[in-house]
Amino acid sequence: MFDMIRKIWKVGTVTRRQPFSAAPLKYKGKIKIKFVPKTNWAECAAACPSRALIIDAGQVRLFYGNCIMCGNCVRICNTDAIIQTNDCYLAAMDKNKLWAAVTI
């Protein structure tokens, strides 16, 4: 065991960022929200099975920590208020950085 720890200490970090800037186009990644007039946000939030999309005090908030990237909210909201990207880099050091919000 000490040999393994000594090797890690000598070599250092061996992980690195993937060589691609985004995942393949068919990958279901990060959900993005934006303000679009006449969007039925209550219907969009009700479609979220993990309750990651909530309406709170005049804001629509999305918590990526709960989001399972299923795309139900994208299908239900027929406006372009919610889109699903193929962004695969979602890690954050602070839990507060996992929130997205838009004022309605």
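## Disulfide and cysteines

A disulfide is a pair of cysteine sulfur atoms within 2.5 Å. This predicted model requires pLDDT of at least 70 for local features and 80 or more for side-chain atom pairs, while totals for chains, interfaces and linings use all residues. Residues are numbered from 1 along each chain as its sequence is written, and side-chain values use heavy atoms, with hydrogens and water left out.

The structure holds one disulfide. Cys44 and Cys77 form this disulfide, and their sulfur atoms are 1.3 Å apart. The torsion about their S-S bond is about 110 degrees, so the disulfide is right-handed. Cys44 lies in helix H2 and Cys77 in the loop between helix H3 (72–76) and strand E4 (82–84), so the pair ties together parts that are 33 residues apart in sequence. Helices (H or I, at least four residues) and strands (E, at least two) are DSSP runs, numbered from the N terminus. The C-alpha atoms of Cys44 and Cys77 are separated by 5.5 Å.

Which cysteine is the closest to Cys48, sulfur to sulfur? It is Cys70, but the distance of 6.2 Å is too far for a bond. The sulfur of Cys88 has its closest cysteine sulfur in Cys67, 15 Å away, also too far for a bond.

## Burial of the cysteines

Both Cys44 and Cys77 are buried. Here buried means under 20% relative accessible area, exposed over 50%, and partly exposed in between (1.4 Å probe, protein chains only). Cys44 has 2% relative accessibility and therefore counts as buried. Cys48 counts as buried too, at 12% relative accessibility. Cys88, at 22%, counts as partly exposed.

What does Cys44 touch, not counting residues up to four places away in sequence? Its contacts are Thr39, Leu53, Cys73, Ile76, Cys77 and Ile82. Contact means heavy atoms within 4.5 Å.

## Confidence

The protein chain averages a pLDDT of 88, and 90% of the residues score at least 70. pLDDT is the predictor's confidence in each residue, from 0 to 100. Confidence is lowest in helix H1 (residues 2–11), at a mean of 80. It is highest in strand E3 (residues 59–63), at 96. Where pLDDT is low, the predicted coordinates should not be read in detail.

## Nonpolar core

The largest nonpolar core has 22 residues. Those that touch the most other members are Ile31, Ile33, Trp41, Leu53, Val60, Leu62 and Ile82. Strand E1 (31–33), helix H2 (41–46), E3 and strand E5 (99–103) each give two or more residues to this core. A nonpolar core is a set of buried Ala, Val, Leu, Ile, Met, Phe, Trp, Tyr and Cys residues joined through side-chain atoms within 4.5 Å.

Take Leu62. Leaving aside neighbours within four places in sequence, Leu62 is in contact with Ile31, Ile33, Ala52, Leu53, Leu98, Trp99 and Ala100.

## The sheet

Three strands form an open sheet in the order E2-E3-E5, and the pairing is antiparallel. The edge strands are E2 (53–56) and E5, and each pairs on one side only. The twist averages 25 degrees from one strand to the next. Axes are lines fitted to C-alpha atoms, for helices over the stretch in contact, and angles run from 0 to 180 degrees between N-to-C directions. Two strands pair if DSSP finds at least two bridges between them.

E2 and E3 pair in the antiparallel sense over four bridges. Ile55 stands opposite Val60 in E3, and the bridge partner of Asp56 is Gln59. Arg61 stands opposite Ala101 in E5. Gln59 stands opposite Thr103 in E5.

## Helix H1

Lys10 is placed in helix H1. Is Lys10 buried or exposed? Lys10 counts as exposed, at 68% relative accessibility. Lys10 and Ile55 are 45 residues apart in sequence and 50 Å apart in space, C-alpha to C-alpha.
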